[in-house]
Amino acid sequence: MNPDGSVAGLFGRLSWESIPIFLAIQNPTTNEIIAASAGMIVLVGITVVVGLITYFKWWGVLWSEWLTSADHKKIGIMYVVLALVMMARGVLEGAIMMAQHAFGLDGGFLAADHFAQLFSTHGTIMIFFVAMPLIAGIINYILPLQIGARDVSFPVMNQISLGLTAAGAALVMISLVVGEFSTGGWQGTPPYTGMAFNPGTGPDYWIWSVGIAGLGSTMTGINFAVTIYKERAPGMDLFRMPLFSWTVLCTAIIMIFAMPPLTVATATLALDRYLDFHFFTNDLGGNMMNYVNLFWLFGHPEVYLLILPAYGIFSELVSTFSAKRLYGYSSLVYATMVIAVLSFTVWLHHFFTMGQGANVNIAFGIASMCIAVPTGVKIYDWMATMYRGRIRMSVPMIYVTGFFMLFTVGGITGVMLANPTISFQVHNTLFLVAHFHNVIIPGVLFGLLAGVNYWFPKVFGYRLNENWGRVAALFWVFGFAFTFLPLYAVGLMGMPRRSVTYADPTFEPILMVSLFGATLVVCGLGCVLAQFWISYRDRESTRVPVGDPWDGRTLEWSMSAPPPEYNFAILPQVTDRDHFAMAKERGEAYPEPEPESYEDIVLPKNTSIGIIFCIAATTLSLGMVWYIWWLALISVAVIPLALIVRSFYLDTEQVIPASEIEKEHRQWLAEVKSAQAVTRDLEHSPMNKGLAKLESVEAAS
Ligand code: HEM
Ligand SMILES: [Cu+2]
């Protein structure tokens, strides 16, 4: 039965009018045509991808090598691919919104409702389906290698997490083709997402995509934390862990505590919408403030969850590309912990203006400002690491430099916003939009892009094209500056956030500058894609099979590129921080004489449970969004059934025989011996086969 009492048909509330493409044919306005084209792009994209896979007969490989794999490395790559696909959509949506702003004086080309869907999908996608999967992907790939582990603790759960994230992303994409997405922003705040205000499919799409992806992230957090606690190589105590692993640990703990409030928020909102509960209504005992409290109890830690791994990446980069040990290792670790804890104490700064009184505001304002202290410590440590280092300005370092300059501006405006009196003036203006893009793009996105450039040769065995990388990085840095710095100005002049149109002509030229910046950002995105393509084309001349192209310092650089399925032929015995760098200095990095004995290695077998979860979660959500109750019921039954069936499988592990490992490892060692070590100056030449010549400038830090 439907909430309004009517009985749903076989296809629930689905009808031809639910499909924007038909609406555009009936009523071809600019707005309808843009909406329909977006839907068409999804359909054409799917057709092309399916066609290509069929043409090249890749289905078998896709299934047996990727979709059913429980290998953390492959799962990591799939996360990153998912994130990049979603990023293409998210960035384009951002650019469309900027175009609407630029031409929006007394009108513009988009309908208000469509603009509202755009900022809601854009925000939702960028946070949940770009930033989160990029992080989950990079961590999945790198973390086990960095701590000397063979896999994450729960490989099958890892696969399920990916499946749930993909299901959420699929739902957002499907909402382009059938029905409409939420208009309630990425936070899904009632009453905009309540039944009375919005009875359509939008908020339901939002609830299910975010709710399901959130469950996946909770499991990811548990997985990473347990992996760090349990799987470190012998000798790697916590304080010998590389900084990236440290930030992952703090991130994982944030995930474990911050994701459940999101689950509760989406679940209670669903109860309001589906079963007429009144958690968040204005009457019958409900209160909307409960929602913002729950949501931001997740939402604020979320932004630190996003940025901490990026901080970890910056730490690794700064030390590797300056050829120095990190300055102030312990202070960096403690600063990370302090940030993780403080991130849970500031969420009320998101509703300073909603009537909680001056004392509460002051407490939360001060708590918010405190976060600037550990962040400052970090920036100081990074600068000190670079001081008198032998810095190489390669692509990752360009991103780092952009980050230093721009993030500082974002941080300062953050401290301004933490002041309730200022917040009263500028909340819900574009000043805020400028601020959070100013921290999230240079902080998170640049960090992750830098990480992709840094670790790519480890993952695929060849380097990314340096020139295209530089051009991409510069487009991002300048594009960002042109797009978002002007928004501070229009914000201070009073232009509200999320407004489809405005009446003050003085905004217009400034917003034109922003639009120009947004086109630069789109060029940056294009260059990233071009960089991948060109690098793939030229891969023969940039191969680094030996695996250490940048004179790396941490364990992941101590093996072949790409790494073998079992990661380490022999688990390392860790004696130092920066163990690999120290081993290289002592001349012990590559076993000599060659190890005598090898052991069998046990790894998880492929399983289809992740993909079953992914499909079941998608159909369950679609059933619920469209009130197709039979579909929802069947899907909901599949999930426990799949788990029960799987629990009867006893044969879930594969053994890789010692002889095979020995053969591969000796072959690689021979390759190391025959490779010529290259200096930093030759790093980007074809001579670099992944064996770095030592020329450390280790300062007495
Ligand atoms: C890369 C180019 C980007 C452009 C051109 C862009 C542009 C925009 C614009 C124009 C808005 C709407 C402002 C308004 O409400 O009037 C917006 C909102 C937003 N953006 Fe972006 N953005 C970009 C990247 C990102 C990234 C990387 C993230 C996060 C990882 C992000 C997260 C958000 C969020 C959370 C919102 C708020 C949505 C809401 O109001 O509910 N954006 N962006
Ligand atoms: Cu916050």
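## Copper site

The copper ion (ligand 2) is coordinated by three histidines, His300 through ND1, His349 through NE2 and His350 through NE2, at 1.6 to 2.0 Å. Donors here are N, O and S atoms within 2.8 Å of the metal (3.2 Å for Na, K and Ca); water is not among the atoms, so sites may look incomplete. The model is predicted: local features need pLDDT of at least 70 and side-chain atom pairs count only at pLDDT 80 or more, while totals for chains, interfaces and linings use all residues; side-chain values use heavy atoms, with hydrogens and water left out. Residues are numbered from 1 along each chain as its sequence is written, and chains are lettered from A and ligands numbered from 1 in the order in which they are written.

Along the sequence, the donor residues of the copper ion (ligand 2) follow the spacing H-x48-H-H. Helices (H or I, at least four residues) and strands (E, at least two) are DSSP runs, numbered from the N terminus. His300 is buried, with a relative accessible area of 6%, and His349 is buried as well, at 18%. Buried means under 20% relative accessible area, exposed over 50%, and partly exposed in between (1.4 Å probe, protein chains only).

His122 lies in helix H5 and His437 in helix H15, so the pair ties together parts that are 315 residues apart in sequence. His122 is buried, with a relative accessible area of 14%. His437 is buried too, with a value of 12%.

## Shell around ligand 1

There are 25 residues around ligand 1, and those that come nearest are His122, Trp186, His437, Arg497 and Arg498. A residue is near a molecule or strand if one of its heavy atoms lies within 4 Å of it. By class, the shell divides into 16 nonpolar, seven polar and two charged residues. Ala, Val, Leu, Ile, Met, Phe, Trp, Tyr, Cys and Pro count as nonpolar, Asp, Glu, Lys and Arg as charged, and the others, Gly among them, as polar.

A polar side-chain atom of His122 lies 2.8 Å from a nitrogen atom of ligand 1, and a polar side-chain atom of His437 lies 2.8 Å from a nitrogen atom of the ligand. Trp186 instead brings a backbone N or O atom to 2.9 Å from an oxygen atom of ligand 1. The elements that give two or more residues to this shell are helix H4 (72–102), helix H5 (112–146), helix H15 (430–460) and helix H16 (466–492). The most comes from H15, with seven residues.

## Cysteines

A search of the whole structure finds zero disulfides, a disulfide being a pair of cysteine sulfur atoms within 2.5 Å. For Cys250, the nearest cysteine sulfur is that of Cys370, 18 Å away. Cys250 counts as buried, at 6% relative accessibility.

Cys527 is likewise in no disulfide, and its nearest cysteine sulfur, that of Cys523, is 6.6 Å away. Cys527 counts as buried at 7% relative accessibility.

## Backbone exceptions

Most residues other than glycine have a negative phi, and most peptide bonds are trans. The peptide bond from Pro190 to Pro191 is cis, with omega near 10 degrees; Pro191 lies in the loop between helix H6 (155–177) and helix H7 (202–230). Ala561 and Pro562 are also joined by a cis peptide bond, with omega about -10 degrees. Pro562 is in the loop between helix H17 (507–537) and helix H18 (579–586).

Asp551, found in the loop between H17 and H18, is not a glycine but has a positive phi of about 55 degrees. Asp551 is buried, with a relative accessible area of 10%. Tyr627, also not a glycine, has a positive phi of about 60 degrees and lies in the loop between helix H19 (609–626) and helix H20 (629–647). Tyr627 is buried, with a relative accessible area of 5%.

Methods:
Polar contact = N/O pair within 3.5 Å; in protein donor to acceptor, adjacent residues only side chain to side chain.
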